[in-house]
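Hi,

Here is the structure I promised to pass on to you.

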Amino acid sequence: MSLREGGGRMTAQSSAPNPSRGRWAWLRWFNAERITAIVILGVGIYLIIGSFQLRLFTKNGSVGAGLFPFIVAIVLTGLTAVWVGTLVFRKRIQDPANPLEEVVDHALGVEDVHDADHDYGKAIDEATQEAIDEYVVDERHGRRRLIVVVAASIVMIPLITYLGMVVDLYLYISAMLIFVAKVKWWKALVWTLLGAAVLAYGGYKLGIYFPDPFGLNTIMARWGL
Amino acid sequence: MDVWSGLMDGFVHILTWQNLLWALLGCALGMLTGVIPGFGPAAATSLLLPLAFFVGPVASTVMMAAIYYGSMYGGTITSVLINVPGEVSSVATTLDGYAMTKNGQAGKALAIAAIGSFIGGVIAFVGLVFATNFSSLAVGLGPHEIFAVTVFALSLVIGLTGKSLIKGLIAALLGLFVGFVGLDPVTAAQRFTFGNPNLSDGIDFVIVAIGLIGLAEILESIGQNVIMDFRGNIGPVRLTWNDFKVSMGAIARGTGIGFFYGLLPGSPAAAATLTSYAVEKRVSKHPEMFGKGAIQGVAGPETTNNALGMSNYIPLLTLGIPSSTTMAILLGAFTINGLQPGPQLFAQHADVAWTLIASLFVANIILFIMSMPLVRMWVGILRIPTLILYAATLGFMTIGAFSVRNNIVDVFIMWIAGLAGLLFRKIDLPIAPMALTLVLGPLLEQNFRRALTIEQGSFLGLVNGPVTEVVYGALGLLIVWRIVSAIRTRAKARRKAAAAAVDAPAPTSISV
């Protein structure tokens, strides 16, 4: 369950240059939801064109490869256009007194439960708020950490071809433990080595003969790494 | 094959040491992943789905069923101990489960959850066995009817997922789009591959499921900087006779509620468990104790959750329609091994179908044995810092994604799906419809094309016969009902906003 407060309605309020003023003001219109809606609209249009190129019906009149995608694309584009329309023209009013209630209701789909005056709706809010107070430490710090994890993964994937799966994952998980989980470097290296040896090498490679890629280094490759 | 002999046959298959070992391993792995904070059954089963490639059809269905059960109880542990439900259906458990932990009664809460789950699972199992009779009714369905029923079931699921119907539909259509990528099965034309040979074989459901559900869950938790490890003591894991007596009614009612909700495709599990919680509070002589550690508040929802998990198999096995994300993933595990759940499964692979059903019973027993005496071991996992668990899981996911087709590109696709899943969570685009259409897309298109070919391209011919007429009629009513209820909800919200504006003259914030 999501413990986010504000549930996707939080938008970037400041950046340099300040988009709220002057010629950059229009940038404020773009948030994650609007950009996604526009991208999906583009996907829908691409699908329509692609489906036409695939042909809706074959020359002998039977169903072509593009017919079903075409129908899907038409509906997808239409619905996304409606979504974009609502994002452009609708002003969403939020009650700041209880934003959490809305998030929890949304996650659960229990709006009707609240309507029925069951007071356990309030209990859920309190329990969730308690969890947020207790566990969500610092969201900004978390976001920075997320960027580090994603960046490290982008580097890790192509390196599999050069280092081999076992060595690459050993380095990746060690780095995650040292830089993200803040585990002492020697502990991280030793524990990851044990994990890689037992699970990745012993379990996968020797246990179920998993054909993971070897590294380009011939000596390592000889050892199955 | 009649029900009784089929079931006995299933038990004969499952009660071999190999299959029991797979069930045991599945339960252990499910609990291990389910106990990772924030990981529910959907994320846990998606993470472990690649294992289905390495074992045969029987072993993989047995193991996946055990993983499902194990992960459900793993989610219960986190709900009770650290107030973090693995998925929304466990929220009701947190209300009194966590309160019991704060009162030093965590062991008692976990014990009643295990007992309730076991009893609910066994009773629902009996219902599941008898419900398999209905599969024979669906054997005669042709492509027209299968297409209509699939569309109807998908509409139910999509309609009841999330707040926005439009977003649910868009998510479902995006899932279909992902399924189009690759070679067309009839004409062998390249569809939406962008000329990339790596996409010619299509995008595997497993890869997208791991990314969209499992990886996105981890990334979201990392992004929130959520630190959730348990340092307390769970206390004795046993019940007094009085605890048991007080909970029996809740367990009985929870079983009924869970079984009934599980029959309806698309009924949200959270609604079932919250209904159970509400019922227990209503019938209790001490409703004021709810939220402060009432044992019935744990027994009812947990029993409901397990009974629902069992009866969720009924639409899957009789009609081939998954009623939740987890069921869609389990359906994916079937298709990996060339099996198609639904009426034909009993006709063509009766041994697998009955072994699966028997394995649900066996998994229930194994889970009960593993959860009661070994609960301290699983709680021990919660003492490991969450970020260390996440780092190890990321490594495991990478191996899992690669193992599907031994292709690095699949690891990239998993990460793209993971980031997309994270974005979709941020903007409230529901994942469940996408997971369903990813699995059901090929079946939907196949039957659509067959039906249209039979009707020589006439779309009106798709509504051909009494079954399709009834199904499309029901679909029409569903759409009308959904529109009317949306209008009513919006009108109610407007009235509420107007009333709030009158009560509080201070301006409310407007998000743009």
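Before the details, one cut-off: a residue is called buried when its relative accessible area is under 20%, exposed when it is over 50%, and partly exposed in between. Please also keep in mind that this is a predicted model.

With that cut-off, A:Glu33 counts as buried, because its relative accessibility is 8%. Its partner is B:Lys167, and the two side chains meet in a salt bridge with an N to O distance of 2.8 Å. This pair crosses between chains: B:Lys167 sits in helix 8 (residues 165-180) of chain B, while A:Glu33 belongs to helix 1 (residues 32-54) of chain A. B:Lys167 is counted as buried too, since its relative accessibility is 10%.

That contact is part of a wider set. Over all chains, the structure holds ten salt bridges.

One is B:Lys108 with B:Asp243, where the closest N and O atoms are 3.1 Å apart. The pair links distant parts of the chain, with B:Lys108 in helix 6 (residues 106-131) of chain B and B:Asp243 in helix 10 (residues 241-263) of chain B, 135 residues apart. Both B:Lys108 and B:Asp243 are buried.

The other joins B:Glu445 to B:Arg191, again through a salt bridge between side chains, at 2.8 Å from N to O. B:Glu445 is in helix 20 (residues 432-454) of chain B and B:Arg191 in strand 2 (residues 190-191) of chain B, so this contact ties together parts that are 254 residues apart in sequence. Salt bridges with shared partners bring B:Asp184, B:Arg191, B:Glu445 and B:Arg449 into one network.

Now to the surface of chain A. What forms the nonpolar patch there? The patch is made of A:Trp185, A:Trp186, A:Val190, A:Trp191 and A:Leu194, which together have about 630 Å² of accessible area. Among them, A:Trp186 is placed in helix 8 (residues 185-207) of chain A. A:Trp186 has a relative accessible area of 45%, so this residue is classed as partly exposed.

I would be glad to hear your thoughts once you have had a look.

Best wishes

Methods
Residues numbered from 1 in each chain as written. Chains lettered and ligands numbered in written order. Predicted model: local features only at pLDDT ≥ 70, side-chain atom pairs only at ≥ 80, totals over all residues. Heavy atoms only, no water. Patch = residues over 30% accessible without salt bridge, like charges linked within 9 Å, V, L, I, M, F, W, Y side chains within 5 Å. Areas by Shrake-Rupley, 256 points an atom, 1.4 Å probe, with all protein chains shown as cover. Salt bridge = Lys/Arg side-chain N within 4 Å of Asp/Glu carboxyl O. Helix = DSSP H or I, 4+ residues; strand = E, 2+ residues; numbered from the N terminus. Buried < 20%, exposed > 50% of the residue type's maximum accessible area, 1.4 Å probe, protein only.
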